[in-house]
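Here is a walk through one model, taken piece by piece. Have the chain open beside you as you read.

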Amino acid sequence: MRVEAKDLEEALIEASKSLDCSVVDLEYTIVQLPKKGFLGFGCRNIIIEVENKKKQVKKHSKNNFQISKIREKNSCEKVEEKKENIKNDKIENVKPKESYVVKEDKIFDSFHRESKDTRNIQNILDEIKIQLEKLLNSTCFDISLKELKMYNEESVFIHLDGEDAALLIGKEAHRYKAISYLLHSWINTRYNLLVRLEISHFLEDQIQGMQGYLQSIVEKIKIYGSGQTKPLDGVLIKIALERLRSEFPHKYVGIKQNNDQRFIVINDFLKKDE
């Protein structure tokens, strides 16, 4: 017989009354699992097919029970395939349908960083170019992508320029920093690459100014043996770090942070950890 009820327990009790037997003598197959719904909408009762197997031989009853379990498992798989959230029933050992198995290439394509040894650099640059041009076209700035290439094995070089280059850089380079962080967050997470961003000649001018500033720092360290830079951020701190480590290969040259400010310290007390 087929029984419909609010939950499995209620359905089995009703079936035992109708068949005039104990609940333990019932063998059932779940036809439809229950669903709570939300605020009274979309709720659904459980439906089972049940029969009394007490008078049949034990072996035959055991085989039918196994068949019933298989049917129940198949029913649970269908519910899993439809992504139904059933909190009251614990479904164990349910194997997902093949359509729900995420293939390896999908995982690496969507969520994981790609290996530098196996990825195609040109394909990566093409992807970045397409997405970057879409981003630039969606802004109100007259700016375009002038150059995109690998700066080195760890970094990609992006050169933007146009009539609104100065506006894109912003006062005290606040827009330049924001765009640089945005691009770094995207490209580093997606491709595990660093970003070297040039807008017009801003970065080049900053590097030239930094080289002059670092020369005075180098001279002081040669005299006093130690020192530190002013607070730096973005690509400038990387430029300063490379220059100072090149100048003082036998000293400790590292980045220190004080609240929101980062600066470089140079001394003889620690050896640089390569």
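Buried here means under 20% relative accessible area, exposed means over 50%, and partly exposed is anything in between (1.4 Å probe, protein chains only). The model is predicted, so local features need pLDDT of at least 70 and side-chain atom pairs count only at pLDDT 80 or more, while totals for chains, interfaces and linings use all residues. Residues are numbered from 1 along each chain as its sequence is written, and side-chain values use heavy atoms, with hydrogens and water left out.

**Single residues**

| Residue | Relative accessible area | Class |
|---|---|---|
| Cys21 | 15% | buried |
| Asp25 | 22% | partly exposed |
| Cys140 | 74% | exposed |
| Ser155 | 5% | buried |

Asp25 sits in the loop between helix H1 (8-19) and strand S2 (26-32). Helices (H or I, at least four residues) and strands (E, at least two) are DSSP runs, numbered from the N terminus. Glu51 is 26 residues away from Asp25 along the chain, and their C-alpha atoms are separated by 8.5 Å.

Ser155 belongs to strand S5. Leaving aside residues up to four places away in sequence, Ser155 touches Met150, Leu193 and Leu194, where contact means heavy atoms within 4.5 Å.

**Helix H4**

H4 takes up residues 121-137, which makes 17 residues. From first C-alpha to last it reaches 24 Å, close to the 24 Å expected at 1.5 Å a residue; the expected span is 1.5 Å times one less than the number of residues. At the start of the helix, a side-chain oxygen of Asn120 comes to within 3.0 Å of the backbone nitrogen of Gln122. That is a polar contact, meaning a pair of N or O atoms within 3.5 Å; within protein, one must be able to donate a hydrogen and the other to accept it, and residues adjacent in sequence count only if both atoms are side-chain atoms.

Which residues of H4 are buried? They are Ile124, Leu125, Ile128, Leu132 and Leu136. Down the axis of H4, the buried residues fall within an arc of 95 degrees, so they line one face of the helix; the arc is that of the directions from the helix axis to the C-beta atoms. An α-helix has 3.6 residues a turn, so residues three or four places apart point the same way. Strand S4 (144-150), strand S5 (155-161) and helix H6 (174-191) are among what covers that buried set. On the face turned away from the buried side of H4, you'll find the exposed residues Lys134 and Asn137.

**Strands**

Two strands pair if DSSP finds at least two bridges between them. Strand S1 (residues 2-5) has Val3 and Ala5 on a covered face and Arg2 and Glu4 on an uncovered one. S1 runs antiparallel to strand S3 (residues 46-52), joined by four bridges, and Glu4 has Ile47 as its bridge partner there.

Further along comes an open sheet of three strands, ordered S7-S9-S8 with antiparallel pairing. Its edge strands are S7 (227-228) and S8, each pairing on one side only. Two bridges join S7 to S9, with Gly227 partnered by Ile266. S8 (residues 252-258) and S9 (residues 261-267) pair over seven bridges, and Tyr252 stands opposite Asn267. The S8 and S9 hairpin has two residues between its strands, and Asn259 there takes a positive phi near 60 degrees.
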